[in-house]
Amino acid sequence: MRISSTVLKSLAVAAVGALALTACGGSDTPAASSDANALPLISAGKLTVCSDIPYEPFEFVKDGKNVGFDMDVAAEIAKDLSLELNVIDSSFDSIESGLFRTQCDIAISSLSITPERKGNMDFSTPYMDDDLTLVAKEGSGITDIESAKGKKVGVQQATTGAKYAKDNGLDAIGYEDSGLQIASLKAGTTVATLGNQSVLGYAIKDDPSLKRVADFKTGEQLGIAVPKGGTVMLEKVNTTLKRLTDDGSLAKYQETWFGATN
């Protein structure tokens, strides 16, 4: 999702956070805690959540409020912990690198569980499956990876889609969000765009000129991230996810935000 300038921004935020934490005690642990929940928290009484906004339909702003599939799940976690939900719009670089720990208690942002990311953070049990898809204009002649080779293909920076494109020899153009991916496709800057089925399927559902031309079974699963070693928080998050699965709420949220596109 983000690389050059946003990496610098993420590192700057991390540096400021690190200085603040040093002033509070010289460690990388959160500065405040909640006695009621026996959890180390960035801000007492609040569950501070990092999310890369916008990323429809997982997280975006509507009528001045943060909404979406991930936001519904985050609200349920906060409710179970009797905490106020506080969402911070954070770059995806800071999330996937684990730097979110200086700002937030957890991160939820359509984050695929990968071995590399497990080195930087701990993950909840998976809460959604999400493979990749290739989108192109009707009549473009793009039908699969091979027909897209040698042409400009849009991806979102720092995502598994970007890695998949590189691994398969595509001439990938990185964008900061899926909206820019689709805009470049409509403008003809790219001939196709590659990303997660949930996001791209949602983005093109009302545009008959665009279609999913190929799906790729990558076995991707999404998880909620907690700072490395945050076992107490991880247990709380997993407890909420189990409840949402068992009572049907998670399936209801998926139907609300993805419908038949997922």
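Visitor: Which residues make the contact of H7 and H8, and what is its make-up by class?

Guide: From H7 the contact is made by Ser178, Gln181 and Ile182, and from H8 by Val199, Leu200, Ala203 and Ile204. By class, the contact of H7 with H8 has five nonpolar residues, two polar ones and no charged ones.

Visitor: What makes H2 and H10 roughly antiparallel?

Guide: The axes of H2 and helix H10 (residues 249–258) come within 9 Å and cross at roughly 155 degrees. Angles over 145 count as roughly antiparallel, and H2 and H10 are therefore described as roughly antiparallel to each other. Their crossing, that of H2 and H10, is right-handed. On the H2 side the contact is made by Phe69, Asp72, Val73 and Glu76, and on the H10 side by Leu250, Tyr253, Gln254, Trp257 and Phe258. The residues of the contact of H2 with H10 divide into six nonpolar, one polar and two charged.

Visitor: At what angle do H2 and H9 cross, and which residues make their contact?

Guide: The axes of H2 and helix H9 (residues 231–246) come within 9 Å and cross at roughly 115 degrees, and H2 passes H9 in a right-handed crossing. Val73, Glu76, Ile77, Lys79 and Asp80 of H2 make the contact with Val237, Thr240, Leu241, Arg243 and Leu244 of H9. By class, the contact of H2 with H9 has five nonpolar, one polar and four charged residues.

Visitor: How do you know that cysteine 50 and cysteine 104 form a disulfide?

Guide: The sulfur atoms of cysteine 50 and cysteine 104 are 2.1 Å apart, and a pair of cysteine sulfur atoms within 2.5 Å is counted as a disulfide. The structure holds one disulfide. With 75 degrees about the S-S bond, the link of cysteine 50 and cysteine 104 is right-handed.

Visitor: What does the pair of cysteine 50 and cysteine 104 tie together?

Guide: Cysteine 50 lies in strand S3 (residues 46–51), while cysteine 104 lies in the loop between helix H3 (92–96) and strand S7 (106–107), so the pair ties together parts that are 54 residues apart in sequence.

Visitor: Which peptide bonds are called cis, and where do their prolines lie?

Guide: A cis peptide bond joins isoleucine 53 and proline 54, with omega about 5 degrees, and another joins glutamate 56 and proline 57, with omega about 0 degrees. Proline 54 lies in the loop between S3 and strand S4 (60–62), and proline 57 lies in the loop between S3 and S4 as well.

Visitor: What is the phi of serine 82, and where is its place?

Guide: Phi of serine 82 is near 55 degrees, a positive value in a residue other than glycine. Serine 82 has its place in the loop between helix H2 (69–80) and strand S6 (84–89). Most residues other than glycine have a negative phi.

Visitor: Where does the pLDDT stay under 50?

Guide: The chain averages a pLDDT of 87, and 85% of the residues score at least 70, but pLDDT stays under 50 over residues 1–27, for which the model has 45 contacts beyond four places in sequence. Over residues 31–37 the pLDDT is also below 50, and this stretch has 18 contacts beyond near neighbours in sequence. Where pLDDT is low, the predicted coordinates should not be read in detail.

Terms used
Residues are numbered from 1 along each chain as its sequence is written. This is a predicted model: local features need pLDDT of at least 70, side-chain atom pairs count only at pLDDT 80 or more; totals for chains, interfaces and linings use all residues. Side-chain values use heavy atoms; hydrogens and water are left out. pLDDT is the predictor's confidence in each residue, from 0 to 100. Contact means heavy atoms within 4.5 Å. Helices (H or I, at least four residues) and strands (E, at least two) are DSSP runs, numbered from the N terminus. Ala, Val, Leu, Ile, Met, Phe, Trp, Tyr, Cys and Pro count as nonpolar, Asp, Glu, Lys and Arg as charged, and the others, Gly among them, as polar. Axes are lines fitted to C-alpha atoms, for helices over the stretch in contact, and angles run from 0 to 180 degrees between N-to-C directions. Angles under 35 degrees count as roughly parallel, over 145 as roughly antiparallel, 65 to 115 as roughly perpendicular and the rest as oblique. A crossing is left-handed if the near helix is turned anticlockwise from the far one by less than a right angle, and right-handed if clockwise.
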